Amino acid sequence: MGPLKGIKVIDMTTVLMGPYATQMLGDYGADVIKVESLDGDVTRLIGPMRHAGMGPVFLNTNRSKRSICLDLKKPSGREAVLRLLMDADVLVYNVRPQAMARLQLGYDVVSKINPRLVYAGVFGFGQDGPYAAKPAYDDLIQGATALPALMAQTGDGVPRYVPNALVDRIVGLTAVGAICASLVHRDRTGRGQRVDIPMFETMAGFVMGDHMGGLTYEPPLDKGGYARHLSRDRRPYKTSDGYLSVIVYNDKQWENFFKATSRDDLRADPKFATFAGRAANIDVVYAELARIFETRTTAEWIDLLTKADVPVMPMHDLQGVLHDDHLEATNFFPVVNHPTEGPIRSMKVTATWSETEAEPVRLAPRLNEHGAEILREIGYSTDEIAAMVRDGVTRSVPE
């Protein structure tokens, strides 16, 4: 019964960026109908898995959805999508707009069928530049927005991608905001609209928002970059028996740190005494902190810094995140029973509402699990559905 209850979303996305956005819309209460090819979303194949077509990436990006598979290259498959769109509120797709046009599902077509539709595209590049028709993937956009160069600058000089589908998830989150804003406009005016959420431009703003630096000014004052983020010593601190994440940032935190560690010498040092002094000498500051933190155990530091109200967190590995005290106390990773996959770990909806609390309405579907159900909802008879299966437009519902 989340805040988007009553909103119908047609999800024509695959892989991660689009499905992540539509899963969030589904978690928020929307009825999300995932339209898949006859082979299904490719992430169904990424293992490990208990049963074919139900890999963990798919399970964790496609809950709160119903699945139907259709061959959109066949006229009757396209006709079924058009019927779905007649009373839909949102269409989300993540192929290039040129591909939607080839399928005769461009905005110029579907807006005539449903003028109230929010037609949202999440794809590589804005359509008014020379990259408009280029394909795009997370790694490509990371590279084009300087993330591997920044990783090289702060590491061993070798460019590397961030080990996370950072672009897909950030652009997916941006899409959720753009879609919800478009629904507000639609409710005010009665008119839907096309909204494009390009990966390249979204991530260029995301990265450069931190690192524009002196490039903000014309002429530039420097070569750009946020010095604190680019310090090679900005990393988890080694303790005498492990690692620790600590940030001593504002003047109050530094004063507490000086007292807790009895470092009056640092309090008197201009490089450490003021925010401006620390910012100008950030490498020196981080290097000294690294030396200090090696003198005690991780547990000793967590106790000392917590009592001193200095921001500190453990440095987890993937398994450590699952067993974090706070996340266990809030049951962030509940173990739920999937109808076919058995016990699986899920993740809670992170936002909370006082009036329209949201939670996943269903776990990730099998391919075409709801196909017949959805087709019946838009007026197809049992015989017509059987004919579509026979003609290879869809598949039979899995047992």
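This is a predicted model: local features need pLDDT of at least 70, side-chain atom pairs count only at pLDDT 80 or more; totals for chains, interfaces and linings use all residues.

Visitor: How many salt bridges does the structure hold?

Guide: There are 21 salt bridges in the structure.

Visitor: What does Arg66 pair with in a salt bridge?

Guide: Arg66 meets Asp31 through their side chains, with 3.0 Å from N to O. The two come from distant parts of the chain, 35 residues apart. Arg66 is in strand S3, residues 65-69, and Asp31 is in strand S2, residues 31-36.

Visitor: Arg66, buried or exposed?

Guide: Arg66 counts as buried because its relative accessibility is 5%, and buried means under 20%.

Visitor: And what does Asp31 count as?

Guide: Asp31 counts as partly exposed, at 26% relative accessibility.

Visitor: Which residues are linked with Asp31 and Arg66 in a network of salt bridges?

Guide: Glu373 and Glu377 are linked with Asp31 and Arg66 in that network.

Visitor: Why do such side chains pair at all?

Guide: Side chains that carry opposite charge can pair when their charged atoms come close.

Visitor: Next one. Which residue does Glu288 meet in a salt bridge?

Guide: Glu288 meets Arg291, at 2.7 Å from N to O.

Visitor: Where do Glu288 and Arg291 lie?

Guide: Both are in helix H15, which covers residues 282-293. They are 3 residues apart, about one turn of the helix.

Visitor: Is Glu288 buried or exposed?

Guide: Glu288 has a relative accessible area of 14%, so it is buried.

Visitor: What about Asp156, which residue does it form a salt bridge with?

Guide: Asp156 forms one with Arg160, and the closest N and O atoms are 2.9 Å apart.

Visitor: Change of topic. Where is Ser37?

Guide: Ser37 sits in the loop between S2 and helix H2 (56-59). At 38% relative accessibility, Ser37 counts as partly exposed.

Visitor: What does Ser37 touch, not counting residues up to four places away in sequence?

Guide: On that count, Ser37 touches Cys69, Leu70 and Leu367.

Visitor: And what separates the C-alpha atoms of Ser37 and Val335?

Guide: The C-alpha atoms of Ser37 and Val335 are separated by 30 Å. Along the chain, the two residues are 298 residues apart.

Terms used: Residues are numbered from 1 along each chain as its sequence is written. Side-chain values use heavy atoms; hydrogens and water are left out. A salt bridge is a side-chain nitrogen of Lys or Arg within 4 Å of a carboxyl oxygen of Asp or Glu. Helices (H or I, at least four residues) and strands (E, at least two) are DSSP runs, numbered from the N terminus. Buried means under 20% relative accessible area, exposed over 50%, partly exposed in between (1.4 Å probe, protein chains only). Contact means heavy atoms within 4.5 Å.
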